[in-house]
Amino acid sequence: MVDVMVIGGGNAALCAALMAREAGASVLLLEASPREWRGGNSQHTRNLRCMHDAPQDVLIDAYPEEEYWQDLLKVTGGITDEKLARLAILASSTCRDWMRRHGVHFQPPLSGALHVARTNAFFMGGGKALVNAYFRSAEKLGVQIRYDTPVVSVELDGDRFVAVRTAKDERITAKSCVLAAGGFESNREWLREAWGQNARGEWPSDNFLIRGTRFNEGVLLKYMINAGADSIGDPTQAHMVAIDARAPLYDGGICTRIDCVSLGVVVNREGERFYDEGEDFWPKRYAIWGRLVAQQPGQISYSIIDQTAIGRFMPPVFSGTTANTLLELAQKLGLPEQAFIKTVDDYNAACRPGNFDHTVLDDCRTEGLIPAKTHWARPISTAPFYGYALKPGVTFTYLGLKVNEHAAVHFGGRPSPNLFVAGEMMAGNVLGKGYTAGVGMAIGTAFGRIAGTQAAAAAKKVEHATA
Amino acid sequence: MQQLEALIREAREQAPGGYSVIPILSVNETEVGRQMKICNSCRYCEGFCAVFPAMTRRLEFGKADINYLANLCHNCGACLHACQYAPPHEFAVNVPQAMAKVRVETYADYAWPVALGALYKRNGLFLALALVAGLTLFLMLAAGLQGPLFQAPAGGNFYSIFPHNLMVGLFAPIFLFALLSLSLGVRRFWKDVSPGTATADAVGDAADKVLRLKFLDGGHGEGCNNANDSFTLTRRRYHHFTFYGFMLCFAATSVATLYHYLFGWEAPYGFTSLPKLLGIAGGVSLLIGTTGLFALNLRRHPLQGDAAQKPMDRGFIVLLFVTAASGLMLMLSRGTPVLRLTLCVHLGAVMALFATLPYGKFAHGIFRSAALLKWAIEKRQPNSLQLSDD
């Protein structure tokens, strides 16, 4: 019997496996996906939000604990756990040397991402390179790895972990276990159940795209909740972005984002605007647009820009629909012509002259328009015009298992002695809602490492108890 | 599509200056353009090499941009293994492979004379035939000029087998033609990529990147990929052995030429003479380098690079190996009955090497150096784009 079993193959799972192995435990890691799809959503990540009090290699200036905490407090609207959040923040200041020892490389901030040069450390080659490095290190250290091994149930003795059962009905025992198998974002049924039917009779989640892995079905999450584990969070809360409607159903990752929202207007299927596109800098607003689009009829919207925006935003992966007149654009996008043209005309007429500068919160805004566009408002009048259809893209769900500072799974408020949880399966403890770049990996790394250490210690205790 | 491409190519070859007015993208160039659009909206690989920073300076990828980026790519493989969109993902991004396919097209398209660019098509066969032709030439010459093949020539001097002037007469034109052909080819490539002016600073930077093979270090210094997602410095090191071995042999020949014409010191030279020392070091270095590169090539990850080019790559490695090995053998066989045969093999191999220089793998060094110089110039110019995800 192995000491520690880790279920999952993403960042949190690998951090747990490596820490447990380093603590001297024998470790078995079960990854649901085949080898070529390993790594869960971590293969699509790009950076880690890091606390630091002085410049460090790729990180400039300082990002002190208090500022990090205030940022988190703001984006979550207070739906967070200060003790656990501060634990993750502090861990982010010291974990990078450990990451480097396991082969992870960092690179300077990407062009077009300078706004996070102070706060976020970028993985060289992105998250898949990080996942590759951790798997290599795990193999070298003797962690046993099994791919194509989804786990369907957990055998418990009260609040104690005993064994798991795989999809092939194999029973595998271990002295302790770390659950790090992701959220439930790729489980269409569950999304439908969570989002329900709206007043228009639509099932909104049927139109959601999943930005990450198809393997996050939430099987274990559901199993544990049904088995009496304490849960936390709202099943409709998720990291949700408005992405290109042509993106693949799964694994579209970063490149399907549309970054021109703040440079133009966004209209819904009826050709009407519905939110202030220039409310704040795009990196601070992109994560609310998924929900905004989800609330529109048909869960679809259209980002409209003109020639003046070209070359000012990150190039999208698919070319936009191009037209020489607004009428032609409406026709090509299938929008109601009159309504669309009226929306743009009203908007154009409401734009007040100002000094356009998309690097600051400038004074180009609309007057007397509802909803207003409060920055970067310039008339859409220079042909050619471009339109990009947007759909909600789910990155990951926040519903998770409740933990303490030891990442222990809880039953009726009591921590399990040998069952731990990390990553998306518990990120909701810190992230009740909202998001800020790189915080998912910070939580995954911190609690993955804690869970691995705790699981190794729990396995040793079992040994002493049985000796 | 392949037929269309052939037609375009043919039309281009017949047009004045070898080019049609509107550059039409080939199938392989279109594929690089498609992939670059995906990469440009992701950019996770920026730290690996120069290709991605060069890419971010562009929104559109025309023929010249694609040819430039393809030659800037060192096929290190880092971006393939790190790619979230690599196969089996439906985006099927494989930058090293797409770039390799375009690269060999650029060698063929920019070859001079243009018609000889076709030699890249079945390059392994071409190299083999060149080697056979070289060997045949010298064996026949040896038979025609002197007595039996296995007989120690008087004084162990190979000039008594092939007179010095005959060798110069045979090799100088071939070598000068190779130089001319490569220069004209790279000049056309250079003009097409519209590079701007090379400052001394940029030239120094490019030379540094070329001579250290900077972009085989993975961006982090641990090396590039070969068989799998782990990094190795062996490819860079064996490449260095090969490159510097070649340069040492070249230096040996150059010094010997100076000795001959400037000082009237004729070969053979003693073991401690400068040409001999350079030649031995170069030959041994080439043997180590080519053996290593060949072994790495056999173990290369199947998705990394273009499988159709293996005959070209391996043929060139083998030709360098045979040249080096026969050169060292030649030195050891002085005064023995095998000297005459060894000499024929060595001269045949060198002749084949020279003749194929402008129409084989050797061209990669020339075109890549030009692309690196272009990058050194370009990155010193202000970026015209104001992209941000702000």
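Residues are numbered from 1 along each chain as its sequence is written, and chains are lettered from A and ligands numbered from 1 in the order in which they are written. The model is predicted, so local features need pLDDT of at least 70 and side-chain atom pairs count only at pLDDT 80 or more, while totals for chains, interfaces and linings use all residues.

## Domains

Start with chain A. The domain assignment gives domain 1 (2–182 + 218–233 + 398–466) and domain 2 (240–393). Such bounds come from an automatic or database domain assignment. The centres of domain 1 and domain 2 of chain A, taken over C-alpha atoms, are 36 Å apart. Their contact takes 7 residues from domain 1 and 6 residues from domain 2. Two residues are in contact if their C-beta atoms, placed from the backbone, lie within 7 Å. The side of domain 1 of chain A that touches domain 2 has 2 nonpolar, 4 polar and 1 charged residues. Here Ala, Val, Leu, Ile, Met, Phe, Trp, Tyr, Cys and Pro count as nonpolar, Asp, Glu, Lys and Arg as charged, and the others, Gly among them, as polar.

Chain B is divided too, into domain 1 (2–112) and domain 2 (121–377). Their C-alpha centres lie 28 Å apart. In chain B, 29 residues of domain 1 are in contact with 30 residues of domain 2. On the domain 1 side, helix 4 (63–72), helix 5 (78–82) and helix 6 (95–109) of chain B each supply at least two residues. Helices (H or I, at least four residues) and strands (E, at least two) are DSSP runs, numbered from the N terminus. Helix 6 of chain B gives the largest share of that side, 7 residues. By class, the side of domain 1 of chain B that touches domain 2 divides into 18 nonpolar, 10 polar and 1 charged.

## Where the chains meet

Now look between the chains. Chain B puts 31 residues in contact with 38 residues of chain A. Helix 2 (27–40) and helix 5 of chain B are the elements that give two or more residues to the chain B side. That side divides into 12 nonpolar, 12 polar and 7 charged residues.

## Two helix pairs

Two packed helices are described by the angle between their axes and the distance between the axes. Axes are lines fitted to C-alpha atoms, for helices over the stretch in contact, and angles run from 0 to 180 degrees between N-to-C directions.

| Helix pair | Angle | Axis distance |
|---|---|---|
| Helix 1 (residues 11–22) and helix 5 (residues 127–141) of chain A | about 25° | 10 Å |
| Helix 2 and helix 6 of chain B | about 145° | 9 Å |

Helix 1 and helix 5 of chain A are therefore roughly parallel to each other (angles under 35 degrees count as roughly parallel, over 145 as roughly antiparallel, 65 to 115 as roughly perpendicular and the rest as oblique). Helix 1 of chain A passes helix 5 of chain A in a left-handed crossing. A crossing is left-handed if the near helix is turned anticlockwise from the far one by less than a right angle, and right-handed if clockwise. Residues of helix 1 of chain A in this contact include L14(A), A17(A) and L18(A). Among those they meet in helix 5 of chain A are Y134(A), F135(A) and A138(A). The contact has 9 nonpolar, 2 polar and 1 charged residues.

The crossing of helix 2 and helix 6 of chain B is left-handed. E29(B), V32(B) and Q35(B) are among the helix 2 residues in the contact, and M99(B), K101(B) and V102(B) are among those of helix 6. This contact has 6 nonpolar, 2 polar and 4 charged residues.

## A sheet in chain A

In chain A, 3 strands form an open antiparallel sheet in the order 3-5-4. Two strands pair if DSSP finds at least two bridges between them. Strand 3 (47–49) and strand 4 (106–107) of chain A are the edges, each pairing on one side only. Strand 4 is joined to strand 5 (residues 120–123) of chain A by 2 bridges. Q107(A) has F122(A) in strand 5 as its bridge partner.

## Backbone details

The peptide bond from A383(A) to P384(A) is cis, with omega near -5°. P384(A) lies in the loop between helix 11 (337–350) and strand 16 (385–397) of chain A. A cis peptide bond also joins P87(B) and P88(B), with omega about 10°. P88(B) sits in the loop between helix 5 and helix 6 of chain B. D148(A) is not a glycine, yet has a positive phi of about 50°. D148(A) is in the loop between strand 6 (144–146) and strand 7 (151–157) of chain A.
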